[in-house]
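Work through the exercises below with the model open. Each task is followed by a solution in steps.

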Amino acid sequence: MSALDEVLARAHRLVGRWEDEDCGTVTVKDFCRYAAALNDADYIRRAREQDAAGAPVDAPALFLAATMSWEDGPPEGELRPDGLAARESPCTEGLPVRQVHGGQSVRLLRAPVAGSRVTASRAVISAERKQGRSGPFVLLGLATRFTTADGTELTAVDETIVVQEALDPAGAA
Amino acid sequence: MNTPVAGDSCPLQRYTHSTVQLFRFSAVSWNSHRIHYDSGFAASEGFPDVVVQSTLHGETLTRYALAWAGPNSRLETVSWRNRTTAVAGEPLTWTATVRAVEGARVSLDVAVVKADGTPCVTGSVELALV
């Protein structure tokens, strides 16, 4: 069985199995650091003024969608050779493959407000073998739904991950 | 912004992402995939330098659209497909065309293109004018 066959088999076993992750309570500092990485000084000034005035502070629009993981870890020794954590790399743990994002669709329903506790619910929703210009690949479809503690939906993300055989199989797994 | 009409082209926006920005965006989004901050590892996967994150492209698609639409606009949806990778320091251009205007909702076809015109990402942004 090739590495891509194994990815496909693992994915098919996971399709439709939703898992929840507690993202914790999002803060103004989280939002401002995210904005700083985007060189958005206006957001930081406005958010800090709102916070000082006791007004609610909305997150940058794609803050939830762009954050890859809400886990505390793992420590470096538990990362895959490509730097990804096992949970961020569904279906590929230990296999000689490489992966990149295929694309993403983000629907914003309500902005998360600083002080809210957020849950991310995730599932693999599809897995297909494809043939591209640079060879065969597996296209994984992933869905994430972010909600508040009272069940209000904040952001819906649907994304695809392209998984290909490693260029250097000996060093990739 | 004048009242948008389907077929309008938005002014082009030219920019680059620095290696520092890619590192900071990986850090703040807790994305430890080495292709984004380790040029040696990126080369081992066939990339000429550290790779711009897909979600950073999504931010770019969105932020220039909101800047074009003005302070009374709000993002409703953004979707994009990654066509080819972009790397740190590479000159990139944001392009957008108004696809539809329905009441207070504006849809844009957006893209990030390389200097030779090759699209890195293509997609759509839907904004509400509030």
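Two residues are in contact if their C-beta atoms, placed from the backbone, lie within 7 Å. The model is predicted.

**Exercise 1.** Determine how many residues of chain B are in contact with chain A, and which element of chain B gives the most.

Solution.
- Step 1. Applying the contact criterion, 26 residues of chain B touch 28 residues of chain A.
- Step 2. On the chain B side, H1, H3 and strand S2 (73–82) each supply at least two residues.
- Step 3. The most comes from S2(B), with 8 residues.
- Step 4. Sorted by class, this side of chain B has 14 polar, 6 nonpolar and 6 charged residues.

**Exercise 2.** Find the buried residues of helix H1 (residues 19–28) of chain B and state what they pack against.

Solution.
- Step 1. Leu22(B), Phe25(B) and Ser26(B) are the buried residues of H1(B).
- Step 2. Their arc around the axis is only 100°, so they lie on the same side of H1(B).
- Step 3. Their packing partners are helix H2 (28–37) of chain A and helix H3 (54–69) of chain B.
- Step 4. Just after H1(B), Trp30(B) has a positive phi of about 55°.

**Exercise 3.** Describe how H2(A) packs with helix H3 (residues 41–52) of chain A.

Solution.
- Step 1. The axes are 9 Å apart, at an angle of about 165°.
- Step 2. Angles over 145 degrees count as roughly antiparallel, and H2(A) and H3(A) are therefore roughly antiparallel.
- Step 3. Their crossing is left-handed.
- Step 4. H2(A) contributes Val28(A), Phe31(A), Cys32(A), Ala35(A) and Ala36(A) to the contact, and H3(A) contributes Tyr43(A), Ile44(A), Ala47(A) and Asp51(A).
- Step 5. These residues divide into 8 nonpolar, no polar and 1 charged.

Conventions:
Residues are numbered from 1 along each chain as its sequence is written. Chains are lettered from A and ligands numbered from 1 in the order in which they are written. This is a predicted model: local features need pLDDT of at least 70, side-chain atom pairs count only at pLDDT 80 or more; totals for chains, interfaces and linings use all residues. A residue is buried if 20 or more other C-beta atoms lie within 10 Å of its own, exposed if 12 or fewer, and partly exposed in between; C-beta atoms are placed from the backbone. Helices (H or I, at least four residues) and strands (E, at least two) are DSSP runs, numbered from the N terminus. The arc is that of the directions from the helix axis to the C-beta atoms. Axes are lines fitted to C-alpha atoms, for helices over the stretch in contact, and angles run from 0 to 180 degrees between N-to-C directions. Angles under 35 degrees count as roughly parallel, over 145 as roughly antiparallel, 65 to 115 as roughly perpendicular and the rest as oblique. A crossing is left-handed if the near helix is turned anticlockwise from the far one by less than a right angle, and right-handed if clockwise. Ala, Val, Leu, Ile, Met, Phe, Trp, Tyr, Cys and Pro count as nonpolar, Asp, Glu, Lys and Arg as charged, and the others, Gly among them, as polar.
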